[in-house]
Amino acid sequence: MLCLLTANRPNISVSKIEIEMPEKPYSVETLKRIKAELMGDKIFFVIGADSWMDIKTWREWQTVLLMTNVIVMTRPGYEISFDHVTDEIRNRIIDLRGHDLNDKMPTTEDRIFVTDAVNLDVSATNIRRKIREVDASWRDDVPKEVANYIEKYQIYS
């Protein structure tokens, strides 16, 4: 579905590393492999605000947050805090909410960027719930190509 979503965006690539692995890897394992394959390239790991708030449940969560750039995407009305992570992690955070993202990033070091650049109140959990409940309004929350794919392969039904 990410490939469908990014098909016309040549500056974005979707990694298939996790799909090609024999067992479901943890994010820390995937990121280590990507870093090894893309040595020298800047990597941005994008997570949602809900994942940020649950990050301490992840395997080697501190390593995940220290090994690359992380972009935390917030949603309208979803409260986000920073007190659940260590001082070392908090010192890496750059809160870009309410700022123009066209400004030059203020650092060359890997950081954690918190942004409200995508101001949509959409969650995968709610989309899956609507599909299971046969609530067709979920189609308004995803691009047409993705909606067609979900219906064609009866994903989440």
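I started with Ile47 in this predicted model and listed what Ile47 touches beyond four places in sequence: Trp52, Ile55, Trp58, Val70, Ile71, Val72 and Met73.

Next I looked up the largest nonpolar core, which has 19 residues. Ile47 is among the members that touch the most others, along with Trp52, Leu65, Val72, Ile89 and Ile112. I then noted which elements supply at least two residues each to this core: helix H3 (27-37), strand S1 (44-48), H4, H5, strand S2 (69-73) and strand S4 (112-115). Which of them gives the largest share? I found that H5 does, with 4 residues.

I also checked for a separate core and found a second one of 8 residues. Its members include Val142, Ala147, Ile150 and Ile155.

I moved on to Lys56. I placed Lys56 in the loop between helix H4 (49-53) and helix H5 (61-67). Is Lys56 buried, partly exposed or exposed? I read a relative accessible area of 49% for Lys56, so I logged this residue as partly exposed; the exposed class needs over 50%.

I then looked for contacts of Lys56, setting aside neighbours within four places in sequence, and recorded Trp61 and His84. I followed up the His84 pair. Lys56 and His84 are 28 residues apart in sequence, and I noted a C-alpha to C-alpha distance of 7.9 Å. How far does the backbone oxygen of His84 lie from a polar atom of the Lys56 side chain? I have 3.4 Å for that pair, and the cut-off for a polar contact is 3.5 Å.

Conventions: Residues numbered from 1 in each chain as written. Predicted model: local features only at pLDDT ≥ 70, side-chain atom pairs only at ≥ 80, totals over all residues. Heavy atoms only, no water. Buried < 20%, exposed > 50% of the residue type's maximum accessible area, 1.4 Å probe, protein only. Contact = heavy atoms within 4.5 Å. Polar contact = N/O pair within 3.5 Å; in protein donor to acceptor, adjacent residues only side chain to side chain. Core = buried A, V, L, I, M, F, W, Y, C linked by side-chain atoms within 4.5 Å.
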